[in-house]
Amino acid sequence: MRPMRIMVRTQVMVDFHTHILPQMDDGSRSVEESIQMLCMLQQQEVKWVAATPHYYAEDEAPNKFLERRKKSYENLLPAMQQYGGLLPPIRLGAEVRYFTGMSQSAEIARLTLEGTNLLLLEIPFVSWNNRMLKEIYQLQQYLHVQVVLAHIERYLPLQKRFSFWKDLEELNVLIQSNASFFIEKANRRKAFKLFDKGRIHLLGSDCHHVSVRPPNIHVALSVLQQKYGDAICNWLEEQDNI
Ligand SMILES: [Fe+2]
């Protein structure tokens with residue numbers, strides 16, 4: 001494959017949630033598509049990318065998933081190397097779907113983001129109950145992981161607990177939102193409100209393909225810069241140092 005032309009720019013942000021590894025899940029379908037997505041992220045000034053393919057415990061054991069992820073990454077790496085280090089590097093992780101009893105499975109801790117103890121967790125689309133909150137608490141206590149709740153904006157309309165935010169604060173979890181939360185005008189006020197309260201810690205594109213659910217983190221960055229100016233740089237730096 002002939003490398004595409006890319007421009008070199010200052011890289012300031014992280015994409016914390018992507019489905020960019022080829023043929024791992026419902027994201028990128030090929031090495032070529034993954035490279036196109038990485039080129040888009042490079043042009044969007046993304047410094048590094050968390051590859052977070054879906055992990056479903058009912059489908060496979062963690063070691064099988066990790067084997068598949070390793071193969072997928074090894075398939076992608078030679079094509080990335082053709083760009084001589086200009087593409088944003090990938091850190092391997094997973095988007096782990098919640099299941100009852102997961103805090104009792106030590107293997108789950110192997111799904112944290114490379115070089116960190118961060119576990120990106122996808123919670124069921126229901127109003128969260130005490131049992132689920134206890135499971136998250138135990139995940140952090142027993143497996144010594146730092147839970148990051150994926151795309152928080154998707155769950156908000158479903159929550160019935162008055163104490164929802166207080167519960168999350170007590171759990172001491174980190175919270176990730178998708179870029180689209182800031183991009184879609186209908187949600188933007190809510191997104192800013194949460195951001196102002198320090199409730200959004202990490203941003204991800206949750207990109208799946210080049211054209212459908214594409215890498216769009218630069219649009220969210222531009223919205224944030226318009227609202228907060230250069231102050232946003234400190235927030236971006238915190239994500240880079242995570
Ligand atoms: Fe995702």
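This is a predicted model: local features need pLDDT of at least 70, side-chain atom pairs count only at pLDDT 80 or more; totals for chains, interfaces and linings use all residues.
Now for the strands themselves. Strand 1 and strand 2, the latter covering residues 46–51, run parallel to one another and are joined over four bridges. They belong to an open sheet of three strands, ordered 1-2-4, with parallel pairing. Which strands stand at the edges? Those are strand 1 (13–18) and strand 4 (90–92); each has a single partner strand, so one side of each is left without a neighbour in the sheet.

Zooming out, the whole chain contains eight helices and nine strands. How compact is the chain for its length? Its radius of gyration is 18 Å, close to the 18 Å from the globule rule for 242 residues, so the chain is as compact as a globular protein of that length.

Here are some whole-chain values in one place:

| Property of the chain | Value |
|---|---|
| Radius of gyration | 18 Å |
| Span of the C-alpha trace along its principal axes | about 55 × 45 × 30 Å |
| Buried residues, as a share of the 242 residues | 36% |

Then there are the contacts. Take those between residues at least 6 apart in sequence: 80% of them join residues at least 24 apart.

Technical notes. Residues are numbered from 1 along each chain as its sequence is written. Two strands pair if DSSP finds at least two bridges between them. Helices (H or I, at least four residues) and strands (E, at least two) are DSSP runs, numbered from the N terminus. The radius of gyration is taken over C-alpha atoms; the globule rule is 2.2 Å times the number of residues to the power 0.38. A residue is buried if 20 or more other C-beta atoms lie within 10 Å of its own, exposed if 12 or fewer, and partly exposed in between; C-beta atoms are placed from the backbone. Two residues are in contact if their C-beta atoms, placed from the backbone, lie within 7 Å.
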